Amino acid sequence: MLAATALHPPAPGANAAPGQIRVLIADDSAVVRGLVARWIGEAGFAVVGTAANGRIALEMMARHDPDVVLLDIDMPELDGTQALPMLLARSPGLQVVMMSTLTTRNADISLKCLALGAVDYLAKPESNRGVTTSDAFRVELIERVRLFGASRARRRGAAPTPHAGVPAAPAPAPLPTRAPAPIALRPKARSAMPPKAFLIGSSTGGPRAVGEVLEKIGAATLRRLPTLIVQHMPPVFTTVFAEHLGARTGLPAAEGKADEPLLPGRIYVAPGGRHMRLQGGSGRETTIRLDDGPPVNFCRPAVDVLFQDAAALFGAATVSVILTGMGSDGTNGARALVEAGGPVLAQDEATSTVWGMPGSVAKAGLAQAILPLGELGPALRALISGQPA
């Protein structure tokens with residue numbers, strides 16, 4: 001990694017147009033800064049500053065007022081974890097995306113940064129050459145700038161301005177406090193059989209939301225049945241995520257393993273890069289099956305894959321929830337669960353980092369309830385305990 005340099009001159013996009021999404025890049029690699037700045041500019045956003053460390057990023061905040069900060073973890077003088085709370089204190093509502101290479105240490109730090117107020121993380125290729133040649137990293141980075149820049153614009157009360165050669169994003173709607181009126185809720189599922197499995201599907205914003213939901217359900221209730229989670233994450237991150245959930249709930253939590261039996265009171269997290277499936281039935285013990293098949297909904301692991309298997313094996317004896325996340329993964333799986341008689345809950349728009357996945361389930365009319373994050377835990381606890389939610 002390169003050493004810090006003197007304060008950078010204003011970036012080419014420092015004079016951003018009114019309404020244009022403003023981005024500050026903090027990374028100690030000059031190659032990464034230059035390449036990411038070029039990508040962002042080509043996508044029609046304004047790069048208002050580049051910084052070689054957290055100290056320089058803080059100095060740029062007052063002058064350039066960015067909407068999104070791409071913040072590397074490992075930097076000299078003031079690293080990303082030290083700079084994060086200072087950046088958020090100077091600009092409440094700032095959208096900070098952590099960037100780090102795929103190591104256990106960085107995965108642990110990234111998840112802790114989410115708890116401190118970062119909105120998301122990006123797994124960065126390990127070398128500058130990897131950054132240069134990775135189309136996936138570029139696409140994910142631009143998508144996050146677009147998504148979180150629009151979110152920041154909503155908070156400011158203005159829509160992002162489209163620019164030449166860039167498709168205009170839909171104008172963001174005002175954040176509702178409850179689900180929009182046209183969305184129909186499913187009748188409450190009434191199953192005589194006790195639940196046999198609890199499922200969670202989540203993506204962007206999910207690590208924090210999953211932890212809060214599990215904590216509010218409570219270990220005593222979770223000990224009744226196995227908990228299976230698909231959180232869209234790369235390898236290494238899912239290992240650390242499971243460890244965080246175990247520490248938070250006091251329950252055994254780990255990535256699911258091939259042929260591992262489902263046991264009550266255990267938390268199974270789908271490993272990054274692999275679908276987590278279920279096998280059993282006809283009196284056989286239910287076990288986990290890991291699948292390296294193609295992505296589903298552009299995701300591997302995919303929520304749909306797990307939910308559809310659970311619907312086939314457990315039917316109405318399944319309780320499930322779709323939390324914050326981009327895209328529509330989980331909708332087909334939720335439909336299979338609903339058709340089997342199982343209840344599906346969804347997080348509401350106001351408390352979701354991104355109302356893609358839960359919004360898709362809600363708009364499809366598959367949700368028994370659409371609730372704020374803080375109310376989902378008690379509602380799920382009631383369902384797992386066999387009470388009406």
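I200 stands opposite I229 of strand 7 in this predicted model. The strand that pairs there is strand 6, joined to strand 7 by 5 bridges, and the two run parallel. I229 also stands opposite V269 in strand 9. Strand 7 and strand 9 (residues 267–269) pair in the parallel sense as well, over 3 bridges.

How many strands form the open sheet, and in what order? There are 7, ordered 8-9-7-6-12-13-14, with parallel pairing. Strand 8 (253–255) and strand 14 (369–371) stand at the edges. Each has a single partner strand, so one side of each is left without a neighbour in the sheet. On average, neighbouring strands are turned by 20° against each other, direction ignored.

At the strand 14 end, strand 13 and strand 14 pair in the parallel sense over 3 bridges. A346 has I370 of strand 14 as its bridge partner. Helix 10 packs on the sheet and touches strand 6, strand 7 and strand 12. The direction of helix 10 makes about 160° with that of strand 6.

| Strand pair | Sense | Bridges |
|---|---|---|
| strand 6 and strand 7 | parallel | 5 bridges |
| strand 7 and strand 9 | parallel | 3 bridges |
| strand 13 and strand 14 | parallel | 3 bridges |

**Helix 11**

Helix 11 spans residues 331–339, and its buried residues are T331, G333, A334, L337 and V338. Seen down the helix axis, these buried residues fall within an arc of 160°, so they line one face of helix 11. An α-helix has 3.6 residues a turn, so residues three or four places apart point the same way.

What do the buried residues of helix 11 pack against? Their partners are strand 6 (197–202), helix 10 (303–314), strand 12 (318–322), strand 13 (344–347) and helix 12 (357–363). Just after helix 11, G341 takes a positive phi of about 100°.

**Helices 2 and 3**

The axes of helix 2 (residues 54–64) and helix 3 (residues 80–90) come within 10 Å and cross at roughly 5°. Helix 2 and helix 3 are therefore roughly parallel to each other. Helix 2 makes the contact through G54, A57, L58, E59 and M61, and helix 3 through A83, M86, L87 and R90. The contact residues divide into 6 nonpolar, 1 polar and 2 charged.

Methods: Residues are numbered from 1 along each chain as its sequence is written. This is a predicted model: local features need pLDDT of at least 70, side-chain atom pairs count only at pLDDT 80 or more; totals for chains, interfaces and linings use all residues. Side-chain values use heavy atoms; hydrogens and water are left out. Buried means under 20% relative accessible area, exposed over 50%, partly exposed in between (1.4 Å probe, protein chains only). Helices (H or I, at least four residues) and strands (E, at least two) are DSSP runs, numbered from the N terminus. The arc is that of the directions from the helix axis to the C-beta atoms. Contact means heavy atoms within 4.5 Å. Axes are lines fitted to C-alpha atoms, for helices over the stretch in contact, and angles run from 0 to 180 degrees between N-to-C directions. Angles under 35 degrees count as roughly parallel, over 145 as roughly antiparallel, 65 to 115 as roughly perpendicular and the rest as oblique. Ala, Val, Leu, Ile, Met, Phe, Trp, Tyr, Cys and Pro count as nonpolar, Asp, Glu, Lys and Arg as charged, and the others, Gly among them, as polar. Two strands pair if DSSP finds at least two bridges between them.
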